[in-house]
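Subject: Structure handover

Hello,

Here is the structure for your files. Please open it alongside this note, and then read on for what turned up.

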Amino acid sequence: LNPVAQFLGISPKQPNKIIFGFLPFWNMDQADNLRYHLLTHLAYFGLDYNPDGTIQTITDDRTTEPGWNKLSSQIASQIFRSAKSSNGKTVIVMRAMTQGLIESLVNNSKSRAKLIDSTMEIFETKNFDGINIDFEYIGTPDQRTKNNFSILVGDLSSTCKQRHPGCEISIDVFADSATKDRLWDYTQITSHLDYIIIMAYDFFRSSSTQAGPIAPLRGVCAKNQPSLPTCLEHDVAQTIADFTKIIPAEKLILGVPYYGYEWQTTDSKFLSNTYQDSGSTATYKRIRELLESNQQPNSKILGLQTNWNDTTLTPWITYQENGKTQQIHYEDERSLSLKYDLVNQSNLGGIAIWALGYDGNWPQLWQLLQRKFTR
């Protein structure tokens, strides 16, 4: 056991659930803070496709694509070695983030074939253990696109598993996709997948007109129920309930955020209106530093209050700075602990962290993982 782990009180017990950590290329400088033995999967985020199915290596401004560039770095090799030496699996995240790109990739048989070839080349060259498909189609695709996406998932899965019997295929999906018509046809793709990662966050976004919890555990009001103090369209508990009706619980991985959003708001009340274009990401590290700086005598922060909402089971902060009211909704040990309890009670496969590195060198979230998911 290394000295840092001893100092943190972390023992080398292996997790009893999947703990899937997404590591974005822009957080690789946080590698020294990772506790590899608490991760069953480390997923490098990520690589993008060109419309013809090849991997994007050059951006539109003719510079090297950063995800591609960092994948070949010495620090990436070191991170992957560390993960594997701790009995973890390494995963490559393959991305397509626009409607047009996704349609180009899936609706052309040659593009699908090239996509599989180029993905397998990376998988084999870098000795990955799994492939994570992160195709985020905003809106409702036509039936042809849905069908062809299902074909792609099936073909990629069968190709990888035939060549490498231990290959794992996972997919990232929107939290509302168990009940809304989205890209993912679960009747067609579930059998080809090892894990389905529910992106159970961004229920409120940086662009939202109200400041609210990005991953409320509760808050949806049933039709036969009197209105609660807070009534939301979606919450995490209902999301899990919807998914477990159609997908085996052990295949479901709950995505959790190590970040929140900060807005300038019209007042300090819960669900206050936001000022346009004032939203920004507030990582767990940023929030801890904010709380710490508030204790300094020369702090410019005034009237900082930490709050807890008993309906959504989430924390939030209000404060004044430069005459403006600021509000942050985020996740902390208490709110994540409640979500982890629900994961265990629902017998889900595990959790997925977005994103590794957002907690900086603060140990609390690692310690929480150890308490909740190791024997």
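One term comes first: contact here means heavy atoms within 4.5 Å. Leaving aside its neighbours within four places in sequence, Leu42 is in contact with Gly21, Leu23, Leu34, Tyr36, Ile79, Phe80, Ala83, Lys89, Thr90, Val91 and Leu356.

Some ground rules. This is a predicted model, in which local features need pLDDT of at least 70 and side-chain atom pairs count only at pLDDT 80 or more, while totals for chains, interfaces and linings use all residues. Residues are numbered from 1 along each chain as its sequence is written, and side-chain values use heavy atoms, with hydrogens and water left out.

The cores

Buried means under 20% relative accessible area, exposed means over 50%, and partly exposed is in between (1.4 Å probe, protein chains only). A nonpolar core is a set of buried Ala, Val, Leu, Ile, Met, Phe, Trp, Tyr and Cys residues joined through side-chain atoms within 4.5 Å. The largest such core has 110 residues. Leu42, Ile131, Phe135 and Ile171 have the most contacts inside it. A second, separate core has 9 residues, including Leu290, Tyr319, Ile328 and Tyr330.

Ile287 and helix 9

Helices (H or I, at least four residues) and strands (E, at least two) are DSSP runs, numbered from the N terminus. Ile287 sits in helix 9. It counts as buried because its relative accessibility is 2%. Ile287 and Gly260 are 27 residues apart in sequence, yet 8.8 Å apart in space, C-alpha to C-alpha.

Strand 8

Tyr259, Tyr261 and Trp263 point one way. Gly260, Glu262 and Gln264 point the other way. Two strands pair if DSSP finds at least two bridges between them. Which way do strand 8 and strand 9 run? They run antiparallel, joined by 4 bridges. Glu262 has Ser280 as its bridge partner in strand 9. Strand 8 also runs antiparallel to strand 12, again with 4 bridges. There, Gln264 has Gln326 as its bridge partner.

Helix 11

Helix 11 is mostly covered too: 7 of its 10 residues are buried. They are Gln364, Leu365, Trp366, Leu368, Leu369, Gln370 and Phe373. An α-helix has 3.6 residues a turn, so residues three or four places apart point the same way. The buried residues of helix 11 pack against strand 1 (18-24), helix 9 (284-293), helix 10 (333-345) and strand 13.

The disulfide

A disulfide is a covalent bond between the sulfur atoms of two cysteines. The cut-off used here is a pair of cysteine sulfur atoms within 2.5 Å. How many does a search of the whole structure find? It finds 1. Cys160 and Cys167 form it, with their sulfur atoms 2.1 Å apart. The link of Cys160 and Cys167 is right-handed, with 105° about the S-S bond. Both Cys160 and Cys167 are buried.

A buried charge

Glu136 lies in the loop between strand 4 (130-135) and helix 6 (143-163). A salt bridge is a side-chain nitrogen of Lys or Arg within 4 Å of a carboxyl oxygen of Asp or Glu. For charge, Lys and Arg count as positive and Asp and Glu as negative; His and the chain ends are not counted. Glu136 is buried yet has no salt bridge. Arg205, the nearest side chain of opposite charge, is 6.8 Å away. Beyond its neighbours within four places in sequence, Glu136 is in contact with Ala96, Met97, Thr98, Ile102, Phe174 and Met199.

Most residues other than glycine have a negative phi, and most peptide bonds are trans. Here are the cases to look at.

- The Phe45 to Gly46 peptide bond is cis, with omega near -10°. Gly46 is in strand 2, residues 41-48.
- The Trp354 to Ala355 peptide bond is cis, with omega near 5°. Ala355 is in the loop between strand 13 (350-354) and helix 11 (364-373).
- Asn87 is not a glycine, yet has a positive phi of about 65°. Asn87 lies in the loop between helix 3 (74-85) and strand 3 (89-96). Its relative accessibility is 61%, so Asn87 counts as exposed.
- Asn322 is not a glycine either, and has a positive phi of about 55°. Asn322 lies in the loop between strand 11 (314-321) and strand 12 (324-329). Its relative accessibility is 67%, so Asn322 counts as exposed.

Best wishes
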